[in-house]
Amino acid sequence: MPLKVGDLIKVQAAHGVFEVQIVQLSQQRGSAEIARTLYQETPESIVQREREQYAQQLQPHFDHPDIKGRPSKKWRRQLQQAIDRQTS
């Protein structure tokens, strides 16, 4: 199904979902700068994406810069000792 000027397309990327309207068509492939001039994101899509980004910022983050992956054996022992001290 070929694209036409005025078509609405939903694009799902790692950083969000975009709804864009085709403004112009090109006969050949070009750079990203040229491609950006061929479509325009809809105002509703911009508002929705900003809402989702704001909601993401409000979510709690449990990342700690010193903790990567599973706890080590030493760290598990330390955690268990701390738990044992609290329950005693």
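Strand β1 is joined by six bridges to strand β2 (residues 16-22), and the two run antiparallel. Strands (E, at least two residues) and helices (H or I, at least four) are taken as DSSP runs and numbered from the N terminus, and two strands pair if DSSP finds at least two bridges between them. The model is predicted: local features need pLDDT of at least 70 and side-chain atom pairs count only at pLDDT 80 or more, while totals for chains, interfaces and linings use all residues. Residues are numbered from 1 along each chain as its sequence is written, and side-chain values use heavy atoms, with hydrogens and water left out.

Leu-8 stands opposite Gln-21 in β2. Further along, Val-11 has Phe-18 in β2 as its bridge partner, and Gln-12 is bridged to Val-17 in β2. The two strands are connected by a hairpin through two residues. His-15 is located in this loop between β1 and β2 and is exposed, with a relative accessible area of 60%. Residues are classed as exposed over 50% relative accessible area, as buried under 20% and as partly exposed in between, with a 1.4 Å probe and protein chains only. The C-alpha atoms of His-15 and Gln-53 are 9.1 Å apart in space, although the two residues are separated by 38 residues in sequence.

On its other pairing, β2 is joined to β3 by three bridges, and these strands also run antiparallel. One of the pairs is Ile-22 with its bridge partner Tyr-39 in β3. Together the three strands form an open sheet with antiparallel pairing, in the order β1-β2-β3. β1 (8-13) and β3 (39-41) stand at the edges with a single partner strand each, so one side of each has no neighbour in the sheet. Neighbouring strands of the sheet are turned against each other by 35° on average, direction ignored.

Helix α2 (residues 43-58) packs on this sheet and touches β2 and β3, with its direction at about 170° to that of β2. Contact means heavy atoms within 4.5 Å. Axes are lines fitted to C-alpha atoms, for helices over the stretch in contact, and angles run from 0 to 180 degrees between N-to-C directions. β2 has a covered face made of Gly-16, Phe-18, Val-20 and Ile-22, and an uncovered face made of Val-17, Glu-19 and Gln-21. β1 is hardly covered, and the count of buried residues among its six residues is zero.

Ser-45 is placed in helix α2 and is buried, with a relative accessible area of 7%. When residues up to four places away in sequence are not counted, Ser-45 touches Val-17, Phe-18 and Glu-19. Arg-49 also has its place in helix α2 and is buried at a relative accessible area of 16%. Leaving aside neighbours within four places in sequence, Arg-49 is in contact with Val-17, Phe-18 and Glu-41.

The structure holds one salt bridge, defined as a side-chain nitrogen of Lys or Arg within 4 Å of a carboxyl oxygen of Asp or Glu. In this salt bridge the side chains of Arg-49 and Glu-41 meet at 2.9 Å, N to O. Glu-41 counts as buried at 19% relative accessibility, and Arg-49 counts as buried at 16%.

The C-alpha atoms of Ala-35 and Gln-24 are separated by 9.5 Å, with the two residues 11 apart along the chain.

A nonpolar patch on the surface is formed by Leu-3, Val-5 and Leu-25, which together have about 270 Å² of accessible area. Patches are made of residues with over 30% relative accessible area and no salt bridge, with like charges joined within 9 Å and nonpolar side chains (Val, Leu, Ile, Met, Phe, Trp, Tyr) within 5 Å. Accessible areas come from the Shrake-Rupley method with a 1.4 Å probe, and for residues only the protein chains shown count as cover.
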